[in-house]
Amino acid sequence: MRLTLECYILLFFTGAFLGWVMEVVCKLIQFGRFINRGFLIGPYCPIYGFGAVLVTALLTPFSASPPAVFVLAMAVCGTLEYLTSYVMEKLFHARWWDYSDKKFNLDGYVCLQYSLLWGLLGMAAVRWGNDLLFRLCAHLPPLLFHAVV
């Protein structure tokens with residue numbers, strides 16, 4: 001399937017929203033109350049949207065090899081996470097996440113534990129998630145698809 005700009009826009013917002021949901025659910029379980037984990041106003045975390053787009057654009061050619069996608073997703077998402085955390089700290093003089101207390105962390109910006117998770121999520125997206133999303137969207141009339149995007 002050829003991915004258009006509209007597909008990537010949809011992928012960005014879907015990833016940003018699902019990332020926000022995942023973060024909120026994790027904090028709800030951890031603290032027993034709602035904590036908005038978004039950087040911006042609204043139910044989305046842009047880093048997850050950028051991650052979804054990058055993983056799809058860069059790793060789809062490797063989709064036949066799950067181990068390759070897993071390792072490359074760890075690298076792509078880990079790099080994105082490191083750079084995002086570093087830049088946000090320099091721009092806003094605050095840290096939105098800090099993994100200094102985790103084993104195998106790099107400057108507190110990334111850690112092995114979450115890099116493994118990003119590898120699994122990236123592999124799931126490339127192998128099944130994107131296909132499901134785009135197949136669902138294929139059932140929408142073109143005008144409605146354009147309006148949704």
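Visitor: What is the volume of the largest pocket?
Guide: The volume of the largest pocket is about 1300 Å³, a volume being the space filled by probe spheres set on grid points joined across faces, edges and corners. Gly19, Met22, Glu23, Tyr48 and Trp118 are the closest to its centre among the 44 lining residues. This is a predicted model, in which local features need pLDDT of at least 70 and side-chain atom pairs count only at pLDDT 80 or more, while totals for chains, interfaces and linings use all residues. Residues are numbered from 1 along each chain as its sequence is written, and side-chain values use heavy atoms, with hydrogens and water left out.

Visitor: What makes an open set of points a pocket?
Guide: On a 1 Å grid over the protein atoms alone, a 1.4 Å probe must fit at the points, with protein on both sides within 12 Å along at least five of seven lines; a set from which the probe cannot get out is a cavity, and lining residues have an atom within 4 Å of a point.

Visitor: Why is Ser85 called buried?
Guide: Buried means under 20% relative accessible area, exposed over 50%, and partly exposed in between (1.4 Å probe, protein chains only). Ser85 has 4% relative accessibility and therefore counts as buried. Leaving aside residues up to four places away in sequence, Ser85 touches Trp97 and Tyr109, where contact means heavy atoms within 4.5 Å.

Visitor: How do you know that Glu23 forms a salt bridge with Arg37?
Guide: A salt bridge requires a side-chain nitrogen of Lys or Arg within 4 Å of a carboxyl oxygen of Asp or Glu. The closest N and O atoms of Glu23 and Arg37 are 2.9 Å apart, so the pair meets that cut-off. Glu23 lies in helix α1 and Arg37 in the loop between α1 and α2, 14 residues apart; helices (H or I, at least four residues) and strands (E, at least two) are DSSP runs, numbered from the N terminus.

Visitor: Are Glu23 and Arg37 buried or partly exposed?
Guide: Glu23 has a relative accessible area of 18% and is therefore buried. Arg37 has 27% and is therefore partly exposed.

Visitor: How far apart in helix α4 are Arg135 and Asp131?
Guide: Arg135 and Asp131 are four residues apart, so about one helical turn separates them. Their salt bridge has its closest N and O atoms 3.0 Å apart. Arg135 has a relative accessible area of 49% and Asp131 one of 41%, so Arg135 and Asp131 are partly exposed.
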